[in-house]
Amino acid sequence: MTPELTVLALAGLLQGIQFVLMSVPANIELGPKVTTSPRDPQRLGQPLEQMVSVKTGRLFRALNNHFEALILFTIAVVVVTLGDKSTGLSAACAWTYLAARVLYIPAYYFGWRPWRSYIWMVGFLATMVMIASSFVA
């Protein structure tokens with residue numbers, strides 16, 4: 001398995017961890033009557049994310065942000081792997097992406113400004129460099 005695929009698998013596990021980090025406090029705060037319902041905003045009066053505490057809401061947003069980032073990172077891994085373009089640079093970018101995503105969770109949770117945005121940018125740039133590196137011979 002290429003280093004990039006290894007990191008993709010770890011990023012998938014990180015996504016699962018983020019889901020637990022968000023869902024446990026959300027379930028405690030809202031109770032099963034809300035969390036096992038269809039969660040229709042019209043019935044609840046507002047989206048679920050807005051019904052939880054500030055920090056749990058941040059965990060919701062961090063989770064959703066990783067879903068979005070994971071799409072681009074998965075594209076990068078697929079392009080590098082199927083194009084047989086795995087290099088030291090692409091592996092370093094993959095590990096950088098994962099480190100940035102791990103740091104992003106506490107950065108979002110604790111409201112680190114402007115560091116949360118900088119950490120996000122590191123992960124995004126690492127992903128873009130991976131994709132761009134696939135064009136190099």
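Student: Among contacts in the protein between residues at least 6 apart in sequence, what share joins residues at least 24 apart?

Tutor: With contact taken as heavy atoms within 4.5 Å, the share that joins residues at least 24 apart is 75%. This is a predicted model, in which local features need pLDDT of at least 70 and side-chain atom pairs count only at pLDDT 80 or more, while totals for chains, interfaces and linings use all residues. Residues are numbered from 1 along each chain as its sequence is written, and side-chain values use heavy atoms, with hydrogens and water left out.

Student: Which elements make up the secondary structure of the protein?

Tutor: The protein has six helices and zero strands, where helices (H or I, at least four residues) and strands (E, at least two) are DSSP runs numbered from the N terminus. Helix H4 has 29 residues and reaches 42 Å from its first C-alpha to its last, close to the 42 Å expected at 1.5 Å a residue, the expected span being 1.5 Å times one less than the number of residues. Just after H4, Asp84 takes a positive phi of about 50 degrees.

Student: How many aromatic pairs does a search of the whole structure find?

Tutor: A pair of aromatic rings is described by the distance of the centres and the angle of the planes. The search finds six such pairs, counting rings of Phe, Tyr and Trp (its six-membered ring) with centres within 6.5 Å, and calling planes under 30 degrees apart stacked, over 60 edge-to-face and the rest tilted. Phe73 and Tyr97 have ring centres 4.0 Å apart and planes at 5 degrees, so this pair is stacked. Because Phe73 lies in helix H4 (residues 54-82) and Tyr97 in helix H5 (residues 88-109), the pair ties together parts that are 24 residues apart in sequence.

Student: Are Phe73 and Tyr97 buried or exposed?

Tutor: Both Phe73 and Tyr97 are buried, a term that means under 20% relative accessible area, with exposed over 50% and partly exposed in between (1.4 Å probe, protein chains only). For Trp115 and Tyr118 the ring centres are 5.4 Å apart and the planes at 75 degrees, so that pair is edge-to-face. Trp115 counts as exposed at 54% relative accessibility, whereas Tyr118, with a relative accessible area of 47%, is partly exposed.

Student: Where does the charged end of Arg101 sit?

Tutor: The charged end of Arg101 sits over the ring of Tyr104, 4.4 Å from its centre, the criterion being NZ of Lys or CZ of Arg within 6 Å of the ring centre and within 35 degrees of the ring normal. Arg116 lies over the face of Tyr108, at 4.5 Å from the ring centre.
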